[in-house]
Structure formats: C-alpha cells, structure tokens
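Please read it alongside the sequence and coordinates.

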Amino acid sequence: MAGSEAPRVAAVQLSLFERLPWRRIILIVLGIVVTGVVVIGAMRTLTLDAAEGGYSAGAWRDFIVQGAAQGAIFAMIALGYSLVYGILRMINFAHGEVFMAGAFGSYFFANAYAESGFLDRNPVLALAIVTAVAVGVSVGTGILLERLAYRPLRNAPRLVPLITAIGASLFLQNAFRGFFGPQPYGYPKPQVLAGSITVLGVPVQKIQLLVLVVALISMIVLQWFVSTTTTGRSMRAVAQDREIASLMGINVDRVIVITFAIGGVLAGIAAVLFSLTFEQVQFTMGFRPGIAAFTAAVLGGIGSIGGAALGGLVIGLLQAVGPPLLLTGFGIPSVFSLRDAFVFLVLVLVLVFRPGGLLGTGEAEKV
C-alpha cells in the first residue's frame, strides 16, 4: 500500500505544479524586473550633476519638446498602418517607402524654389506647393501598391500579402536608390522656419511648433472625416465586415483605395515635416520612421486612430527621453545611438504585456 501511495502523491503534486498560472507568474516577475531597472536607472541619472555626465533642466525640456515633435510625425505615419490594418487586416510594411517617395518628390521642387529664391520670398505658397507634390507622390505610390501588389492577393492567406508588402518595400527602396543614388540630398528650409520662439515660457524651435500644429490639425480632420462623412462611415462598415458591407451596397474596392489614399496624404505631409526637420532625404529614410510608426500603431492599438496618435506621441517621447534617462545612470556610453534599439525593446514589451495595445482589448491580434 505504501508503495502504491507514493506514485499517487507524486502525480497529484505534479498535477498541481502543471496547473500553476506560469504565464502570469512569469509576466509578474518580468514586470518587477523591468520596473526595477527603470526606477534604478532613472534615479541614478537624475542624481548625476553636470560634471558626472548629468543633464540640466533645460536639456530635459529640449528632450521633451523634441520627442513630442518627433512623435507627432510618427503618429501621422502610424495612422497609415492603422487605417490599412483596420480595413484589410494586413500590415503594409511598404508604408515607410510611401513616406520616402513623398519626401523625394517634394525635394526637387523645394530645391528648385530654394535656388530661385522663391522659397524665402514666399515661403507659405512654396511650402504649400511642395506639400501638395509630396502628397500627390505618396498617394500615387500608395494606390499603385494597392492596385498592383495587394488587390490580386486580397483573398490569399494573410502571410502572402505580408510577404508581398516586405517585397514591395525592398523594391521601392532599391528603385529609388537606382534612380537617385545612395547619397543623401540636403533638403532646403526657408529662413522663416529658422530659430526658435517662446511658447508659455518654453523655447521651441519654429519647425517643431509647425510639426505639432500641422499634425494636430491633420488628426482632428481625419477623426472628423471618419466619424461624420458618408465615406468615413463606409470605411468603418468595411472595417467591421467586408462581406456584409458589400451586401449593403458599399463599394469595397473604392473604400480600400480611399483608405490607401488617406494614408498617402498623411505620409506625404509627414514626409515634408520630417525633411524640413532633419534637412535631408535619402532612399533609406523610410525604414526607421516606418518601424517607429509601426511600433506606435501597435502600442496604441493597431486599427485605432486615437491609438495611433497616442502611440506616436508616446514612442516619440520614449525615444527622446528614455535612453538618456534610463541608461546614463548605468554608465552606458553613447546612449543616444541606442534610440532605435529602445524602440524595438518597447515593441517587444508591448507584445508581451499587452498585445492589443494601450487602447486595444489587451488580446493578441492575429496578423
């Protein structure tokens, strides 16, 4: 009897061991570790003085303003990812190249206007034309992608259009490299945007203020368009169920094309703002902002307009403030060169702790 009881007790103990919520336990332990690292790194950094490599209050203020402006650009690009995902349930990894195409299209006009002096004589009209060109190129690129690369695969398994999007991204990158070369081109900026102004006692560069204002207006207009117009309601209906929407008389193909066009409009505007901020364009310029914007879309809750806006702002602030705040205290050199790695780390942590994003359901999305 004693010999038969021992295996039974061991089996019961093993069963209890298997029933433990190991995933939740691991997440709790990982959360404690991440929180501890963040708190310790931040406290060490904030206690450093200037002689020890610390940052002044003015430096932190500049980091925050820079992060907010950069996050606004990420948010505008992220809206393109979210809109397409909401309609087609696919990640358009070529959207970064749609952004890059708009930057290149606007560069030639901006450069010509700078050489003729028109950019400084009439900066408002010149920037309006440059932005219109960027929007036109980005919209055309997005619509061509949808028509040639994605529409024939609309009923294919999800992995097929995903691979196609990656292939389209590589094709566009190398096409622009072949046409314009690998070297960066200096993007001219009008003199009116040089320098800074004081807003509520905080010095802000003029270009950063322009970025924040234009991004805010663009997001408000997009939210109004999707919420109140007939086309916006059609987009929401197609996002809910394409088959039912088509049975109700909605032209699904037209709605999808409009969705890609809206993403192109936002990408074109973001391309001009990004180029004016960093004053150069290059065939690889869509990769890093595209990854950051995709992370922002996932962080906010992919498919959500408000989530993309919130995620872009958070990613911009984390990218600008996170590395110096968390890594300087540990004595890590060149913390600013780790900004991209920091974005990938944030993406991993979001997928681990809240796959649905901040404004999502908290459940993992199947891509």
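The chain has 14 helices and 4 strands, where helices (H or I, at least four residues) and strands (E, at least two) are DSSP runs numbered from the N terminus. This is a predicted model, in which local features need pLDDT of at least 70, side-chain atom pairs count only at pLDDT 80 or more, and totals for chains, interfaces and linings use all residues. Residues are numbered from 1 along each chain as its sequence is written, and side-chain values use heavy atoms, with hydrogens and water left out.

**Overall**

- The C-alpha trace spans about 100 × 70 × 40 Å along its principal axes.
- Of the 367 residues in the chain, 45% are buried (under 20% relative accessible area, with exposed over 50% and partly exposed in between; 1.4 Å probe, protein chains only).
- Taking contacts (heavy atoms within 4.5 Å) between residues at least 6 apart in sequence, 76% join residues at least 24 apart.

**Largest pocket**

- The largest pocket has a volume of about 560 Å³.
- Its lining has 23 residues, of which Val34, Val38, Leu326, Phe342 and Leu349 are the closest to the centre.
- Helix H2 (22–46), helix H13 (305–327) and helix H14 (339–353) are the elements that give two or more residues to this lining.
- By class, the pocket lining divides into 20 nonpolar, 2 polar and 1 charged; Ala, Val, Leu, Ile, Met, Phe, Trp, Tyr, Cys and Pro count as nonpolar, Asp, Glu, Lys and Arg as charged, and the others, Gly among them, as polar.
- On a 1 Å grid over the protein atoms alone, a pocket is an open set of points with protein on both sides within 12 Å along at least five of seven lines, whereas a cavity is a set where a 1.4 Å probe fits but cannot get out; lining residues have an atom within 4 Å of a point.
- Grid points are joined across faces, edges and corners, and a volume is the space filled by probe spheres set on the points.

**Cavity**

- The count is 1 cavity of 30 Å³ or more.
- The largest cavity has a volume of about 50 Å³.
- Residues lining the largest cavity include Gly80, Val84, His95, Gly142 and Phe260.
- Helix H3 (57–88), helix H4 (95–116) and helix H11 (252–278) each supply at least two lining residues, and H11 gives the most, with 4 residues.
- The cavity lining has 3 nonpolar, 7 polar and no charged residues.

**Helix H3**

- H3 is largely enclosed by the rest of the structure, because 26 of its 32 residues are buried.
- Arg89 follows H3 and has a positive phi, near 55 degrees.

- Strand E2 (residues 196–199) and strand E3 (residues 202–205) run antiparallel and are joined by 4 bridges; two strands pair if DSSP finds at least two bridges between them.
- Val199 stands opposite Val202 in E3, and Ser196 has Gln205 as its bridge partner.
- The hairpin has 2 residues between its strands, and Leu200 in the turn has a positive phi of about 55 degrees.

**Gln208**

- Gln208 is found in helix H8 (residues 206–228).
- Its relative accessibility is 12%, so Gln208 counts as buried.
- Leaving aside neighbours within four places in sequence, Gln208 is in contact with Val65, Gln66 and Ala69.
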